[in-house]
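Hello,

Here is the structure I promised to pass on. Please open it first, then read my notes below.

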Amino acid sequence: FILPKDINYVPGKGRFSFYARDGKKDAAGADTSLKISINAAASLDKVGPDLRPFLNDTLFRNGGLTHQDPILLLNLFDTSGISVSGAGIGHDITAVIDNNERNVLVLNPFYTSVRDSYQRGQVRYQLPTMSAGNHQIRLKAWDVANNSSETTLDFIVAKQQKLEVQRLMNYPNPFTNKTTISFEHNQPNQQLDVELAIFTQTGQLARRIRKLVQTEGTRNVAIDWDGTDENGRKLKKSVYIYRIKVSLGDSYYQESKQIILF
């Protein structure tokens, strides 16, 4: 690891504290024999951390739909390492929800390093219950060379009392071998009944796919179509209509869109 700029560089002995575990026992200790010198080479790192925010899981996309109790996931990477000690004033991992500067969330305690890496880690934080509508989180983090980065994440909250589905699409479109139908919903960890029906331009049913899906987050990408009919035969190149129906209990969502096979 790289020593952070925020520590005390007065010449003398430093203290390195260690913690370890093997699944059965914990171990802790310290080493005070190493000397700290003020003539260490200055860091050449002038770039802040790379920040990748998500809600609930890493399938989430900026501006997407979520439920009222989302979990913030923030993946961080920096060549020098992420600053989480809190030793430097203002050098914390922070989140501001909807520009509420009076309530800055300090996320240092929720940071976990990727095993065997001092450069990469993740914050996992349960956000407070959010009201329905549009929201934004502004995130900031520092590396140990005192470079900072900021990013924002926009999202739409829909309460879970009623199933809501948005952003229905398929990719790629046009396609040749396989396309994936995706959508966003507000029912994470709930089993959804999804029915996909493919029709010709004359309205004839070409293929029906039914699947139970359950996602940890709020974006589903579990429905694929390979361009074949009910008997497994490849359909001819053409424009088709697909209709998707997503059901949960007594509520359901239904929408139709075009799909191009070439």
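R167 has a relative accessible area of 42%, so R167 is partly exposed. Keep in mind that this is a predicted model.

**Salt bridges**

Side chains of opposite charge can pair when their charged atoms come close. A search of the whole structure turns up eleven salt bridges. Here are three of them, starting with R167.

R167 pairs with E184, at 3.6 Å from N to O. This pair links distant parts of the chain. R167 sits in strand 14 (residues 165–171), and E184 sits in strand 15, 17 residues apart. Is E184 buried or exposed? E184 has a relative accessible area of 3%, so E184 is buried.

Next, look at R138 and E101. Their side chains meet in a salt bridge of 2.2 Å, N to O. The two are 37 residues apart, and again the pair links distant parts of the chain. R138 belongs to strand 12 (residues 133–142). E101 lies in the loop between strand 8 (94–97) and strand 9 (105–106). R138 is partly exposed at 21%. E101 is partly exposed too, at 48%.

Then there is E150 with K140. Their closest N and O atoms are 3.9 Å apart. E150 is in strand 13 (residues 148–157), and K140 is in strand 12, ten residues apart. E150 has 49% relative accessibility, so E150 counts as partly exposed. K140 is partly exposed at 26%.

Which residues join up into a network of salt bridges? They are E101, R138, K140 and E150.

**A buried asparagine**

Now find N186. It is in the loop between strand 15 (179–185) and strand 16 (192–199). Its relative accessible area is 0%, so N186 is buried. What does the side chain of N186 reach at 2.8 Å? It reaches the backbone nitrogen of E164. The N186 side chain also makes a polar contact with the side chain of Q187, at 3.5 Å. Leaving out residues up to four places away in sequence, N186 touches several others, including L65, T66, H67, A158 and L163.

**A nonpolar patch**

F1, I2, L3 and Y118 make a nonpolar patch of about 400 Å². L3 lies in the segment before strand 1 (12–13). At 32% relative accessible area, L3 is partly exposed.

Best wishes

Key: Residues numbered from 1 in each chain as written. Predicted model: local features only at pLDDT ≥ 70, side-chain atom pairs only at ≥ 80, totals over all residues. Heavy atoms only, no water. Helix = DSSP H or I, 4+ residues; strand = E, 2+ residues; numbered from the N terminus. Buried < 20%, exposed > 50% of the residue type's maximum accessible area, 1.4 Å probe, protein only. Polar contact = N/O pair within 3.5 Å; in protein donor to acceptor, adjacent residues only side chain to side chain. Contact = heavy atoms within 4.5 Å. Patch = residues over 30% accessible without salt bridge, like charges linked within 9 Å, V, L, I, M, F, W, Y side chains within 5 Å. Areas by Shrake-Rupley, 256 points an atom, 1.4 Å probe, with all protein chains shown as cover. Salt bridge = Lys/Arg side-chain N within 4 Å of Asp/Glu carboxyl O.
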